[in-house]
Amino acid sequence: MLVIFKSLEFKEGKLFLIDQRKLPGEKEYFLCHTYQDVEYAIARMVVRGAPAIGATAAYGLYLAAKEFQKHAKRDFFPKMREASYMLRKSRATAVSLAWALKRMERITEEEQDKELPEIVKRLKEEADKIAREDIEINRSIGRYGRELVAEGAVILTHCNTGGLATVGYGTALGVIRAAYERDKKIHVYANETRPWLQGARLTAFELREEGIPVTVIIDSVAATLIRDGKIDLIIVGADRIASNGDTANKIGTFMLSELAKNYHVPFYVAAPVSTIDFELDNGSEIEIEERAPEEVTHIQSIQIVPDGVDVYNPAFDLTPHENIDGIITEKGIIRAPYKEGLASLKQI
C-alpha cells in the first residue's frame with residue numbers, strides 16, 4: 001500500500017498544514033486558527049501547489065465565517081467579501097485559488113436567507129467537499145496518465161506535483177504513482193527546481209518514502225539527459241491553463257518544453273479541469289507572480305549573492321500550447337487543437 005501524503009487536514013477546529021518549508025529535514029505542522037493564518041501560509045509558501053492552495057483557501061474562508069458569525073448579519077457578508085479578497089491576493093498565478101473561493105462565495109450567496117450558523121455549517125461542508133474531491137480527481141488523472149507511460153520508462157518531472165502539492169496523491173506525480181502501482185518499472189529524474197528546491201526537497205522525499213526509484217538532478221542537467229536520449233517522457237503540473245492550452249507552471253518548465261520539442265521527447269501537462277481558466281484566450285493574459293529577491297540571494301538564511309546585486313525572480317513561466325503533446329485531466333487526455341478540446345470539458 002503506497003503512502004499518500006496529505007498536505008492538509010482540518011480537525012479540532014483548526015487547519016493543519018504540513019510546513020513544506022521545513023521538509024525534508026523536519027516534519028512539522030503549521031496550525032491555522034484564523035483566515036489571516038491561512039493567508040500567511042499561502043503567501044509564505046507553508047503550503048504550495050495549485051490544488052493544495054485552493055483547498056487551503058476554502059478552509060480559510062470557512063474560518064473567516066466562523067469568526068464573523070458573532071457579528072450582525074448585515075455586517076457578515078461585507079466582512080466575508082473582505083476576507084475572500086485578502087485570500088485571493090495571497091498568490092497571483094494559481095487559478096485554483098480563485099476557483100475554490102468562488103465555490104465558497106456561491107454557497108454564501110445561495111444560503112444568505114438562512115441564519116448565520118447554518119451558513120457557516122454549509123461552508124464547512126463545501127470546504128470538506130473540495131478537499132475530498134481533489135483526491136478523487138488526482139486518482140482519475142493518474143488512471144488516464146499511466147496509459148502514456150511505457151514499461152520501464154524514464155520520466156523527467158519538475159517542481160513538486162505530488163500529495164504535498166495537492167490534498168493528496170498528486171497530479172503529474174499522481175501519474176507517476178499510478179504507473180508505479182501497475183509495476184511498470186519506471187525511473188524518475190527530479191529537477192531540483194530552484195530557488196525553492198521543491199523537486200529536491202519534496203518530490204524526492206515523496207518518491208523515496210514510497211520506494212519509487214528517483215534521481216535528483218540540478219535543473220541544468222536536464223538538457224544533457226534529453227539530448228542523450230536518456231528521457232522517455234516529461235510530465236509536469238500546471239498552475240493555470242488558458243483556454244488555448246498555453247500553460248503557466250513553475251519557472252523552468254518552458255525551457256524543458258523547448259528541449260523536448262527539439263529532441264522529440266513527449267511533453268505532458270497533468271492538471272485538474274479547475275486549473276483551466278476559460279476566461280483567458282491565451283497565456284499572455286496570465287499574471288506571472290514575481291517573488292522576493294531573498295529567495296534567490298539566500299539558501300536557508302545563508303547568503304550566496306553579493307549585496308547590491310539585482311535579482312529577477314519570477315515564480316512561473318509560460319509554456320505555449322504548441323510545445324505540449326497532451327493535457328492530462330480527470331476527464332481524459334486532451335490533445336491539439338486545444339481550444340476545442342478544452343472547451344469540451346466544460347460540457348462533461
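This is a predicted model: local features need pLDDT of at least 70, side-chain atom pairs count only at pLDDT 80 or more; totals for chains, interfaces and linings use all residues.
**View 1. Phe10 and Tyr59 form a stacked aromatic pair.** The ring centres of Phe10 and Tyr59 are 5.1 Å apart and their planes lie at 15°, which is under the 30 degrees that counts as stacked, so the pair is assigned to that class. Because Phe10 belongs to strand β1 (residues 8-11) and Tyr59 to helix α2 (residues 50-68), the pair ties together parts that are 49 residues apart in sequence. Phe10 and Tyr59 are both buried, and together with Tyr62 they make up one aromatic cluster. The count for the model comes to six aromatic pairs.

**View 2. Phe16 and Tyr29 form an edge-to-face aromatic pair.** Here the centre-to-centre distance is 6.4 Å and the angle between the planes is 70°. Phe16 is part of strand β2 (residues 14-18) and Tyr29 is part of strand β3 (residues 29-32), so this pair ties together parts that are 13 residues apart in sequence. Phe16 is buried, its relative accessible area being 13%, whereas Tyr29, at 44% relative accessibility, counts as partly exposed. The ring of Phe16 also has Lys11 over its face, at 4.9 Å from the ring centre.

**View 3. The charged end of Arg177 sits over the ring of Tyr169.** The distance from this charged end to the centre of the Tyr169 ring is 6.0 Å.

**View 4. Helices α4 and α5 cross in a roughly antiparallel arrangement.** The axes of helix α4 (residues 95-110) and helix α5 (residues 116-145) come within 9 Å of each other and cross at roughly 150°; because angles over 145 degrees count as roughly antiparallel, α4 is described in that way relative to α5. The crossing in which α4 passes α5 is right-handed. On the α4 side the contact is made by Trp99, Ala100, Arg103, Met104, Ile107 and Thr108, and on the α5 side by Arg122, Leu123, Glu126, Ala127, Lys129, Ile130 and Glu133.

**View 5. Helix α5 lies oblique to helix α6.** The axes of α5 and helix α6 (residues 172-181) come within 7 Å and cross at roughly 60°, which makes α5 oblique to α6. In this view, too, α5 passes α6 in a right-handed crossing. Ile141, Gly142, Arg143 and Gly145 of α5 make the contact with Gly174, Val175 and Ala178 of α6.

Conventions: Residues are numbered from 1 along each chain as its sequence is written. Side-chain values use heavy atoms; hydrogens and water are left out. Rings of Phe, Tyr and Trp (its six-membered ring) pair if their centres lie within 6.5 Å; planes under 30 degrees apart count as stacked, over 60 as edge-to-face and the rest as tilted. Helices (H or I, at least four residues) and strands (E, at least two) are DSSP runs, numbered from the N terminus. Buried means under 20% relative accessible area, exposed over 50%, partly exposed in between (1.4 Å probe, protein chains only). A charge sits over a ring if NZ of Lys or CZ of Arg is within 6 Å of the ring centre and within 35 degrees of the ring normal. Axes are lines fitted to C-alpha atoms, for helices over the stretch in contact, and angles run from 0 to 180 degrees between N-to-C directions. Angles under 35 degrees count as roughly parallel, over 145 as roughly antiparallel, 65 to 115 as roughly perpendicular and the rest as oblique. A crossing is left-handed if the near helix is turned anticlockwise from the far one by less than a right angle, and right-handed if clockwise. Contact means heavy atoms within 4.5 Å.
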